[in-house]
Amino acid sequence: MGDDRGDKALLDRLTLLADAQAALASTLDLLEGLRRACRVLTGRLGDWCTVDLLDEGGRLERAVVVHCTPEALAPGGYEGPLPPVPEGDGGPLPRVLRGAGPLLLADIVPPSRAENPLHARQLELFEQLGAHSAVIAPLRSRREVLGALTVARTDADHPFTEDDLPLVEDLVRGLALQVDNARLYQQTRHIAERFQRVLLPELPQVEHLQITARYTPAQTIAQVGGDWYDAFVLPRGDTVLAIGDVTGHDLQAAVAMSALRNMLRGIAVDRQEPPGEVLRRLDIASHTLIQEATATCIYGLVKRPQEQGSWVLHHSCAGHLPPLLTTAAGDTRYLETGAGLLIGMDPEHRRPTAVDEMPAHSTVLLYTDGLIERRGESLDRGLTRLRQHTAALAREPLDVFCDELLGGLGADSTDDIALLAVRPAPPASP
């Protein structure tokens, strides 16, 4: 019988460890993952638990507080910044944050006996939530202590003991690894996003031609993609419009995006050829220099009107969603000619150039797929929704046009979004 009880205890311990780590790993959102892991612990190890995290500047924040009876927690009353960590001993939590532990707290003193403000906050929490015993353990990564886990029990007849410390130590080891990986991931994402934003170009000022652009990173998927746009004026006076999306959602995609955009700029300025030929040369250059990258791209040239004619868009598309033309009256049309293969598929592919007029006060919109694509929904539905929105915004100023598109269509997107909009705005007749 003794062996059976021992086997069951070992199985329960291993299951708890696995379930806590699986809960933390079940989401890319670090705080939500910690909440899920704490729910596992409060259901099977303690009555409530907290996770306190240190930021890069050494500031401490109570990131998560979970109770087995959620109604026992006052809404928003526990999480948030904590007092500074004292340099001396200063109580069990500061000791743990310097790497000690796990520490067993079998005799919890009242807040009146606190050694410093941080200790007082910890003891106040114990008093408010009725802790009779607790274990505090460091979340220690390979490089540093990231924070602390506190697990408490409210039942005086079933306190934590020294026998519980090895289990808690195993728990925090796995949780700390997950927290460290999540932070490294977030840092990489932050670098990629900053890199991407730094590369966003300054839009040219062109007489009687309004140009506006927007870029927003993904909000729910925790990686930055390779979306980009560009606009500049060639020596001969044509205005270049370009937009694209490099395959991938990471820093490597952002680097490939930068290389592709710069190659396109160089080819466009040097050759000043029709868009189809420029994209063909870009495909050859990409195949030679960044062989494993594939990308979608639209390259367009906006040409000034001749005498009383319209502005004209010459464009070629490499696997990208088609430009959308919206007239001032709200009529919409996708410019679907000039389509070809993705960049990186076949460098010998001959690419067409399409030509479309741009009536006065019409808007040509270039966009990436994050604006319209939704999981479980057909692409045609997303394209139709975009037409409906641009028709309703046809007479709005171009800045408002782009902002409203992002607000109306981009709020629930799980991908990066780039927009580039251009509108001929001839002077009013005298």
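**Exercise 1. Find which side chain makes a polar contact with the side chain of His 320, and describe the surroundings of His 320.**

Step 1. The side chain of His 320 makes a polar contact with the side chain of Thr 296, at 2.7 Å. A polar contact is a pair of N or O atoms within 3.5 Å; within protein, one must be able to donate a hydrogen and the other to accept it, and residues adjacent in sequence count only if both atoms are side-chain atoms. This is a predicted model, in which local features need pLDDT of at least 70 and side-chain atom pairs count only at pLDDT 80 or more, while totals for chains, interfaces and linings use all residues. Residues are numbered from 1 along each chain as its sequence is written, and side-chain values use heavy atoms, with hydrogens and water left out.

Step 2. A polar atom of the His 320 side chain also lies 2.6 Å from the backbone oxygen of Tyr 367.

Step 3. His 320 sits in the loop between strand 11 (311-318) and strand 12 (324-326). Strands (E, at least two residues) and helices (H or I, at least four) are DSSP runs, numbered from the N terminus.

Step 4. Not counting residues up to four places away in sequence, His 320 touches Ile 243, Gly 244, Asp 245, Thr 296, Cys 297, Ile 298, Tyr 367 and Thr 368. Contact means heavy atoms within 4.5 Å.

Step 5. His 320 counts as buried because its relative accessibility is 9%. Buried means under 20% relative accessible area, exposed over 50%, and partly exposed in between (1.4 Å probe, protein chains only).

**Exercise 2. List the residues by which helix 8 and helix 9 make their contact.**

Step 1. Helix 8 (residues 379-392) and helix 9 (residues 398-409) have axes that come within 10 Å and cross at roughly 140°. Axes are lines fitted to C-alpha atoms, for helices over the stretch in contact, and angles run from 0 to 180 degrees between N-to-C directions.

Step 2. Helix 8 contributes Arg 385, Leu 386, His 389 and Thr 390, and helix 9 contributes Phe 401, Leu 405, Gly 408 and Leu 409.
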